[in-house]
Amino acid sequence: MSDVTVDVRGIHKSFGPLQVLRGVDLQVRTGEVAALLGPSGSGKSTLLRVVNQLERADRGWITIDGELIGYRRSGTRLHELKEKEVLRQRTQVGFVFQNFNLFPHLTVLENLVEAPLAARRAPRGELLAQAHTLLARVGLSDKADAYPRQLSGGQQQRVAIARALALKPKVLLFDEPTSALDPELVDEVLDVIRDLARAGTTMIVVTHEMEFAREVADTVVFMDDGVIVEQGPPSEVLDHPKHPRARAFLSKVL
């Protein structure tokens, strides 16, 4: 399994009495795109947050490129890492949120430089050059000096993707990246994700865009009630779902 970038094993997560994840196993190989599908409340977003250590699992473990996340192993026991070390690990996992989460008081260029400046302490000139390259990659070279409020939702989300890429992560996580956008802006964001997929970027994408999942994903993962009930190639899961819950859901959205 040396080519596995993300390895999720037996993850459980509850919020009070509510069990949100109930023993999730998921492996994403290097350069693959996994699309997470399922009804609201099935645990998709929580799974992403656990992978990125924005939430700590109650049970189970995760490795990114072979490194145990959030813990160190001592014999057969796991010990929680200190927050500083968790923050270092989090830089390996880029996260693109539904609602962009850009710093409103910083320009687009500053949004891209802030995190790598703190994390890598690289020369500012080097990071500015990288930021301009990333803005060109997402088609926003002319917006470097703009503030988030001056951008459309689609432009803000493309900046958010560029910001996630600025840390040179080993995997990118997308939590319904088009759900907050007007319909006419969806394709400009999906086009950027398509380009990343073609470039071999390892990604996990929570999405309700079924045709996009069919086109881009190597693996489609269907979740329901905190567990993965079906996964496989898009042609199998989307066109010939086996689990009754997947069949019922997909019959309404395809």
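Guide: Before anything else, the terms for exposure: a residue is buried under 20% relative accessible area, exposed over 50%, and partly exposed in between, using a 1.4 Å probe and protein chains only. This is a predicted model, in which local features need pLDDT of at least 70 and side-chain atom pairs count only at pLDDT 80 or more, while totals for chains, interfaces and linings use all residues. Numbering starts from 1 along each chain as its sequence is written, and side-chain values use heavy atoms, with hydrogens and water left out.

Visitor: OK. Where does Phe-97 fall on that scale?

Guide: Phe-97 is partly exposed, at 22% relative accessibility. Phe-95 has a relative accessible area of 9%, so it counts as buried.

Visitor: How many aromatic pairs are there?

Guide: There are two aromatic pairs in the structure. One of them joins Phe-95 and Phe-97, which are stacked at 4.3 Å centre to centre with 20 degrees between the planes. The rule takes rings of Phe, Tyr and Trp (its six-membered ring) with centres within 6.5 Å; planes under 30 degrees apart are stacked, over 60 edge-to-face, and the rest tilted.

Visitor: Which residues have the most contacts inside the largest nonpolar core?

Guide: Ile-161, Phe-174, Ile-193, Leu-196 and Met-203 have the most contacts inside the largest core, which has 39 residues. Two or more residues each come from helices H3 (108–120), H4 (124–137), H5 (153–165), H6 (186–198) and H7 (210–216), and from strands S9 (171–175) and S10 (203–206). A nonpolar core here is a set of buried Ala, Val, Leu, Ile, Met, Phe, Trp, Tyr and Cys residues joined through side-chain atoms within 4.5 Å. Helices (H or I, at least four residues) and strands (E, at least two) are DSSP runs numbered from the N terminus.

Visitor: And what does Ile-161 touch?

Guide: Not counting residues up to four places away in sequence, Ile-161 touches Val-96, Phe-174, Val-189, Val-192, Ile-193 and Leu-196. Apart from this core there is another one, of 26 residues, including Leu-21, Leu-36, Leu-48 and Ala-57. A contact, in this account, is heavy atoms within 4.5 Å.

Visitor: Changing topic. Ser-42: buried or exposed?

Guide: Ser-42 has a relative accessible area of 1%, so it is buried. Ser-42 sits in the loop between strand S3 (33–37) and helix H1 (44–51).

Visitor: What is Ser-42 in contact with?

Guide: Leaving aside neighbours within four places in sequence, Ser-42 is in contact with Val-20, Met-223, Asp-224, Asp-225, Gly-226 and Val-227. The side chains of Ser-42 and Lys-44 also make a polar contact of 3.4 Å. That term means a pair of N or O atoms within 3.5 Å; within protein, one must be able to donate a hydrogen and the other to accept it, and residues adjacent in sequence count only if both atoms are side-chain atoms.

Visitor: How many salt bridges?

Guide: The count is 15 salt bridges, taking a side-chain nitrogen of Lys or Arg within 4 Å of a carboxyl oxygen of Asp or Glu. One of them joins the side chains of Glu-80 and Arg-56, at 3.8 Å from N to O. Glu-80 is in strand S7 (residues 77–80) and Arg-56 in the loop between H1 and strand S4 (59–64), so the pair ties together parts 24 residues apart in sequence. Glu-80 is exposed at 54% relative accessibility, whereas Arg-56 is partly exposed at 23%.

Visitor: Which ring does Arg-56 lie over?

Guide: Arg-56 lies over the face of Tyr-71, 5.2 Å from the ring centre. Arg-163 lies over the face of Phe-103, at 5.7 Å. The rule needs NZ of Lys or CZ of Arg within 6 Å of the ring centre and within 35 degrees of the ring normal.

Visitor: Back to salt bridges. What about Glu-67 and Arg-88?

Guide: The side chains of Glu-67 and Arg-88 meet in a salt bridge of 2.5 Å, N to O. Glu-67 is in strand S5 (residues 67–68) and Arg-88 in helix H2 (residues 83–90), 21 residues apart. A network of salt bridges links Glu-67, Glu-85 and Arg-88.

Visitor: And Asp-239 with Arg-214, how many residues apart are they in sequence?

Guide: The side chains of Asp-239 and Arg-214 form a salt bridge of 2.8 Å, N to O. Asp-239 is in the loop between helix H8 (234–237) and helix H9 (244–253) and Arg-214 in helix H7, so this pair ties together parts 25 residues apart in sequence.

Visitor: Last one: where is Val-237?

Guide: Val-237 is in helix H8 and is buried, at 2% relative accessibility. Its C-alpha atom is 9.4 Å from that of Arg-214, 23 residues away along the chain.
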